[in-house]
Structures are given as C-alpha cells and as structure tokens.
Amino acid sequence: MKPELSFDRPDDKTLQIRLAGDWILRADVPAVGEVTEEIGAGRPVEQVAFHTSDLGRWDAGLLTFLVKVIDHCVRAGIHTDKSELPRGVQRLLALASAVPEKKGARKESARIPFLERVGDSAVRVWRSVPGMTAFVGEVFVAFLRLLTGKARFRRSDLFLTIQQCGAQALPIVSLISILVGLILAFIGAIQLRIFGAQIYVASLVGIAMVRALAAVMTGVIMSGRTGASFAAQLGTMQVNEEIDALKTLGVSPVEFLVLPRMLALFLMMPLLSLYADLMGILGGLAIGITMLDLNFMEYYNKTREAVSINDFWVGLFSAAVFGVLVALSGCMRGMQCGRSASAVGEATTSAVVTGIVSIVVATAVITVICNVLNI
Amino acid sequence: MVKAEPHIVVQELTMAYGDFVIQRDLTFTVNRSDIFIVMGGSGCGKSTLLRAMVGLQEPVKGKVMYQGVSFWDAEQKEREGIMQNFGVLYQSGALWSSMTLAENVALPLREYTDLSPDRINEVVSLKLSLVGLAGFEEYYPSELSGGMKKRAGLARAIALDPEILFFDEPSAGLDPVSARLLDNLILELRDSLGATVVIVTHELASIFAIGNNSVFLDAGTKTMIASGDPKELVAHSSDPRVRSFLTRGAEVVAAAWGIAL
C-alpha cells in the first residue's frame, strides 16, 4: 500500500497529521515540505498530533520523516504529541534523541584553496625531514650498539630475513637480470653491427651490468619485494600495538626490528648483485652467440678484458648502499605508519617510492664521485 | 508474549578445521524476538559457531535453517538473500578504516536499496543518532574510542533493518557502564525493531540481564551441555561445569579457600 499523508484540524490550535499505508524506505515516502507548508498555511498551529490507525508497515522511512517533522516543530516552538504513534516508533524516537548531537563534533568541510593546499604539502614535506633524520640517527646509534655487541635482537630473526631477502629472491633476480642482459646486447648489437664491431657487445654488457645495472635492477626488485614487505609488516605491528609492547618492555624497536632487517639486506644485496652480474652477462652471451656469431671464448675474453676490478668494486659498493637504503625506507615508513588498514597501504606505497627514488639518487651521486676520483 | 515461532533452527551441526573438531552435534532453536546467548569458556568454539551461522564458514555436517530454509544447502543466490536479513556486529567493530562513519553505514544501503543519496544520508543520520553518535558522520574509525567504534558498528549492522542481529562479544573491552548501556540498546532495538538477537558472550552480567534463551558449549566434551533460559540454568542446572561458569566459579573458589558457600 502506498504511504499517504493527509491533514486534519480537530480544533483551531492543533494540526493532526494522518499517516496511512506502508511507510517503508522502498516506498516513495512523502516529502516533509508538505507538512511544513501545511503548518505555515492557515491559522497558527500550537500543537502537532498524529493519527496512525491506518498505518501499515513502517521502518526507517517513517522514522526519518518524523525526525524531520519534529525537528521543524521544535525550531518553530510547536509542541508535538507523540502518544498516538506506534510504541516502537516512540521508543526509537526517544532513543534517537537520547544522546544530543555533540556540539562541535560535526566537522567543517570547507574547500581549501589550491595555493593553500600546495603550501600545506610543502610544509608537510619540510616537517617530515626531522623525522627522517631522527630515524636515520636512531638506526646509526643502534648500529654502533651492534658493533659493541650490546644490540638486542633475535638471531633467528636475522637468519629468517636473510633467507627471505636472499635465497628466496634468486628466481626473480635471475629472470630480470638475464632479460636486462639480453635487451642491452640486442640494442647494442643493432648499432655495433653497422661498424662491424659486434665483439664490443661483450664490453657493453659486461661494463654496464657489473658497474651499475646489476646493482640498480636488484635494488629496484628488492625495493618492490622486500622493502614493501618490511613496511607492511612493521606497519601492521604498529596497528596491532606490537611496537608499543616492545617499547614498554624497554626494548628498542629500532634495534629489535630494524637492525636485523637492515643487516640482512646489507649482507645479501652485494651477493644478489654479484649473481645478477653473472646472469646479465649470460643474457648478453646468448645474444652474442645466437645473433652475432661470436663464439664463447671470444665473448668471455672480451668481457674479462673490458671489465676492470674497479667496476666490480663500484658495483658491489653500490649494491651494499642500495641494500641499506631499501631497508631504511621500508622500515621507516613501517614505523611511521598510522593505526589503520589504509595507513598500512600508504606506508607500503611510500616505502617503495622512497626506496626507488633513493636508489636512483644514490646512483647519480656515486657516479659523480667515481668520476671525480677517476675510478 | 506472542506464541514462540522458530526463527533459526540448528540441527546436528558439526564444525571442524580439517580433522580437528571444534564442536559436534549442536541442536537448538532460536525463536523470533529471542535474545539468544551462545556461551561457554574461552576457546570452546563460540565464535566458530557464529561464523557457521552467519555464513562465513561452512560446517562439516548438519544444518542451519532460517525460517525452514537450510542455509548451507541453498544456492548462492538464495544464501545472499538470507544474508541480507542479517546484521553482524564484530568483536572490535570491523569498521572499514578508509571510510567515514557515514560511508560505513551508507555502504549496505547503497548496495542493497535504490534510495537516492539524500535519503541515504537521512537514514545514516538516523541510525547514528539511534546509537548515540549524532554528529559523528564525518569521523574516521581511527578517531573514535573502542566503545564508540562498537556503537558505530551497531549502526552499520542495523542499517538495513535486519531481522536477525548477531553480536560477537559485544561488551568485550567496554567499561561496565558502557557495557550496560550497550545491553540496553540491544534490548531497545530488539523491542522496537522486533529483531531476533544472537549474542556470543561470556559476560555474566549481560547474560542474565538480557538473555532469555541460551546454549552452553563445552570445550572438553566438544558439544553443548546445556540450553535454555540462563536464569533457569543457574538456579536448576545440575551440571557442575554450567553452575561453575554461571556463578563465576564460586564453588571452585570456595573449595580452594576452604570456606562454605
């Protein structure tokens, strides 16, 4: 049955609102405007009463209607007589008004101008600098304690992390570095073949992989794989108050959680990068043999001749630096995480972004330094 | 009181994780407008029973019937239809943390009704004011206290005016006054909405204050060892485990301290 609304004036001061039919959400409930118009029209009303003997089913649809009617009446100083309403409705209305709306609880949702937002973000970036440096400082202090043998963390945590970010990363590192070697050799081959200098593909792939690309690619992989996992793990621990539990126990979370992770990546990244060197050169070799008709010994000798021991050390050094950077950004974002599921997501995203950006910046810095030092 | 009409019927329900049986052969009936308590010690499988009843975990054996329809034997479509009549309040609210309270309460309305956004906002405000959170529409769950989160969770659970409300440990983590207020709210909602309420709890105060029917699960024998009105149970049950639970182990403590009751 359709909800119906009609009015009656039993005496000159009272307006009776007659409700009939099913007042449910799914039905089209009449608008409150009809009631306010009726109150406004004709003789002034001092009391509003209800007539509900024809009322069928009701639910939140009726309640939202009544709440607005009563609201209007209260503001207009009109008394409402609710005694004719069904008992359930009366009780729910009483419940809804039992706790008055908290003053000042409602939030202002003012539109912030564009410039102000830009300024706010800039200030926020600037304000995050002390937090970052403080975190790096804490990690450094923890590292010193490790050197003096005072750092507290579980040995098994370290080995577990080493396994997770070392051996378990081998398949993905193999795949990516073989492909990078293949791509480098392929692009180089097209150009070098014009000059009949195919053999220099070996030098190109060898130097590029060993000196920079192996470390950078491994760093990017580890940032997406391990840095993200650190951030998500520590972030969830923050949500579960596990980090607070460590603090109240007097155990430094930086020593207990960050140090083993950083140590593990610091140790494993050079090894992974070494492995990526080999895989990349194998990728180049595959192109050299199949597309450029070079033989294995030729390629091997050229690679040995081209790649100096300095290239090798620069690559390993970069890898170790990237390991620290990835672990630092992952752990830092995890530790700074807020206390909700979406905050963990943000922390993870931010960890990967910070990790990759810092890898690229570090590569640039290392390249410039090596250039100046003539390495 | 109107004649008792069976609303939920559980028959020989057995729940297990792999080979590990949690509870077996549970048979009980929840009548319409009951406040039905599922009680028992920690780790006896109360929450698992709730998960089987609300459709989160399939039982190994047995039936859960809603108005004569066996939930786990029904087609997916029919199951979803039955589940729309449920409102579930999870232990810590389980509000979606990336949404405001208004968005949390509005989601079921947006998904299952074709109301206009304005109408949805009105209903959301009404539901929030019913649980005493008027004006908190734009708050995020992380900005609320534990008790407020629970009440907000309740507002979401009653968004669609469900016929059956499930509560998992509603008073856990609340102070006694808030717990009592929540109990009153549950009673009030049951009376005015005419809903059937199933509560998993081991809060004795709540059990006696609002429960009118119950089932007692035992971890040792892995089945139910008592059922009925908890006030009757404490007065007349002959089972020492039930008595001990419902009297907060008064007899055990008395024996330990060597004093007569």
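The questions and answers below concern a predicted model with chains A and B.

Student: What radius of gyration does chain B have, and how does this value stand against the globule rule?
Tutor: Chain B contains 10 helices and 10 strands. For its 261 residues the globule rule gives 18 Å, and the value for the chain is close to that, so chain B is as compact as a globular protein of that length. The radius of gyration of chain B is 19 Å.

Student: What is the radius of gyration of chain A, and what would a compact globule of 375 residues have?
Tutor: Chain A is made up of 12 helices and four strands. Its C-alpha trace spans about 110 × 55 × 40 Å along the principal axes. A compact globule of 375 residues would come near 21 Å, but chain A has 36 Å.

Student: What box do the C-alpha atoms of chain B fill?
Tutor: The box is taken along the principal axes of chain B. Its dimensions are roughly 65 × 45 × 40 Å.

Student: What percentage of the residues of chain A count as buried?
Tutor: A residue is buried when its relative accessible area is under 20%. In chain B, buried residues make up 54% of 261. For the 375 residues of chain A, the figure is 43%.

Student: Which share of the accessible surface of chain A belongs to carbon and sulfur atoms?
Tutor: Chain B exposes about 11800 Å², with carbon and sulfur atoms supplying 52%. The accessible surface of chain A is about 20200 Å². The carbon and sulfur share in chain A is 63%.

Student: How far apart do the centres of the positive and negative side chains of chain A lie?
Tutor: Chain B carries 23 positive and 32 negative side chains, with the two centres 4 Å apart. Chain A has 34 positive and 31 negative side chains. The distance between the two centres in chain A is 9 Å.

Student: Is A:Cys73 buried or exposed?
Tutor: The cut-off for buried is under 20% relative accessible area. A:Cys370, at 7% relative accessibility, falls below it and counts as buried. With a relative accessible area of 0%, A:Cys73 is buried.

Student: How many disulfides does the structure hold?
Tutor: A disulfide is a covalent bond between the sulfur atoms of two cysteines. Over all chains, the number of disulfides is zero.

Student: Where does B:Asp161 lie, and what is its phi?
Tutor: Most residues other than glycine have a negative phi. B:Asp161 sits in the loop between α5 (146-157) and β7 (164-168) of chain B, and its relative accessible area of 22% makes it partly exposed. Although B:Asp161 is not a glycine, its phi is positive, at about 50°.

Student: Is B:Glu169 buried or exposed?
Tutor: B:Glu169 is placed in the loop between β7 and α6 (176-193) of chain B. Its phi is positive, near 45°, and the residue is not a glycine. At 10% relative accessibility, B:Glu169 counts as buried.

Student: Which residues is A:Asp8 in contact with, leaving aside its neighbours within four places in sequence?
Tutor: A:Asp8 belongs to strand β1 (residues 4-8) of chain A. At 32% relative accessibility, A:Asp8 counts as partly exposed. With those neighbours left aside, A:Asp8 is in contact with A:Thr14, A:Leu15, A:Gln16 and A:Arg18.

Student: How far apart in space are A:Asp8 and A:Ala49?
Tutor: In sequence, A:Asp8 and A:Ala49 are 41 residues apart. From C-alpha to C-alpha, the distance between A:Asp8 and A:Ala49 is 9.6 Å.

Conventions. Residues are numbered from 1 along each chain as its sequence is written. Chains are lettered from A and ligands numbered from 1 in the order in which they are written. This is a predicted model: local features need pLDDT of at least 70, side-chain atom pairs count only at pLDDT 80 or more; totals for chains, interfaces and linings use all residues. Side-chain values use heavy atoms; hydrogens and water are left out. A disulfide is a pair of cysteine sulfur atoms within 2.5 Å. Buried means under 20% relative accessible area, exposed over 50%, partly exposed in between (1.4 Å probe, protein chains only). Helices (H or I, at least four residues) and strands (E, at least two) are DSSP runs, numbered from the N terminus. The radius of gyration is taken over C-alpha atoms; the globule rule is 2.2 Å times the number of residues to the power 0.38. Accessible areas come from the Shrake-Rupley method with a 1.4 Å probe; for residues, only the protein chains shown count as cover. Lys and Arg count as positive and Asp and Glu as negative; His and the chain ends are not counted. The place of a charge is taken as NZ of Lys, CZ of Arg, CG of Asp or CD of Glu. Contact means heavy atoms within 4.5 Å.
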